[in-house]
Amino acid sequence: MLDSNRLEGKVALITGAGGAIGAATARLMAARGARIIGVDRDQSSLDALKDDLGDALLATVVADVTDEAAVRGYVEAAKAAAGRIDVFFNNAGIEGPAHPLPDFPLADFQRVIAVNVTGVFLGMKYVIPVMLAGGGGAIINTSSTAGLRGTGGLCAYIASKHAVIGLTRTAADEWAAHGIRVNCVNPGPIESRMMRSIEQGLQPGDNGAVHDAISAANPARRYGLPEEVATMVAFLASDDARYVHGAIHAVDGGRTAV
Ligand SMILES: NC(=O)c1ccc[n+]([C@@H]2O[C@H](COP(=O)([O-])OP(=O)(O)OC[C@H]3O[C@@H](n4cnc5c(N)ncnc54)[C@H](O)[C@@H]3O)[C@@H](O)[C@H]2O)c1
């Protein structure tokens, strides 16, 4: 009997837990019975999560996902708080600035790659052994429609989100036979701080023109909501997704269908 609603008894570790998509997913997973460990570099966003989740929030950890010692630290903290990790939503990410490629500062390029690629790599590097010890689990990496399509001005972000797909497929091949499912979620434009920043980057002083153009080009004629990404992530985390491995899951209003 399929029951995609239940995550009862599962321990879910979420990076970028204080952000729009991370927090919406933490709320949904908690409502479906999971206990949550939230990781973010920003303490105040984790404090807000505490108000939302109450006892379902087992622990919060302030950590920079690009720092190997800090990643080891958040995984140790999760083990200490819960003894296991069943679900890992490897989701922290930054957008970086928008510039034509020849003008893109190297430092900005390297920072986006550090957070969005190295951070995702390090998270899996330290979580997989803990999942193995617990008999398996589900990892969901956050890529983007930016992992499937190009957008002028966003070379670092686009390259980083393509790389997340490569990491997902590699890890799925390595660990599927050991009971660890690895998938990625590819949100399209979501109503969020990040999209406001990207809109401003693409057209400084923008007063909604980029938002309108992106919406008009989308088959659904609108942006998505963080909660609409969360439902996909919660499904991928659940046992109902037991044969879903190494796949790309667009939640994009049809953006990549056309
Ligand atoms: N918002 C969108 O439209 C959209 C679309 C596609 C993909 N995504 C991806 O979804 C994920 C979440 O995005 P969001 O919209 O919730 O953005 P957000 O900025 O609201 O949340 C990202 C969170 O990650 C945290 N973070 C950033 N760098 C970090 C670091 N080095 N270490 C630890 N935490 C760090 C931030 O503090 C923030 O709380 C990102 O990977 C993003 O690239 C977002």
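Trainee: Hi! What should I know about the model and its numbering?

Mentor: Residues are numbered from 1 along each chain as its sequence is written, and side-chain values use heavy atoms, with hydrogens and water left out. The model is predicted, so local features need pLDDT of at least 70 and side-chain atom pairs count only at pLDDT 80 or more, while totals for chains, interfaces and linings use all residues.

Trainee: Thanks. How many helices and strands does the chain have?

Mentor: Eight helices and seven strands. These are DSSP runs numbered from the N terminus: helices are H or I with at least four residues, strands are E with at least two.

Trainee: What share of the residues is buried?

Mentor: 50% of the 258 residues. Buried means under 20% relative accessible area, exposed over 50%, and partly exposed in between, with a 1.4 Å probe and protein chains only.

Trainee: Switching topic: how is the chain divided into domains?

Mentor: Domain 1 covers 11–188 + 225–246, and domain 2 covers 191–223. The bounds come from an automatic or database domain assignment.

Trainee: How far apart are the C-alpha centres of the two domains?

Mentor: The centres of domain 1 and domain 2 lie 24 Å apart. Across the boundary, 11 residues of domain 1 are in contact (heavy atoms within 4.5 Å) with 10 residues of domain 2.

Trainee: Now Arg-221. Where does it lie?

Mentor: Arg-221 is in the loop between α7 (209–217) and α8 (226–237). Its phi is positive, about 60°, although Arg-221 is not a glycine.

Trainee: Why does Arg-221 count as exposed?

Mentor: Because its relative accessibility is 55%.

Trainee: Last one: where is Gly-134?

Mentor: Gly-134 sits in the loop between α4 (106–133) and β5 (137–142). At 33% relative accessibility, Gly-134 counts as partly exposed.

Trainee: And how far is Gly-134 from Asp-103?

Mentor: Their C-alpha atoms are separated by 47 Å, with the two residues 31 apart along the chain.
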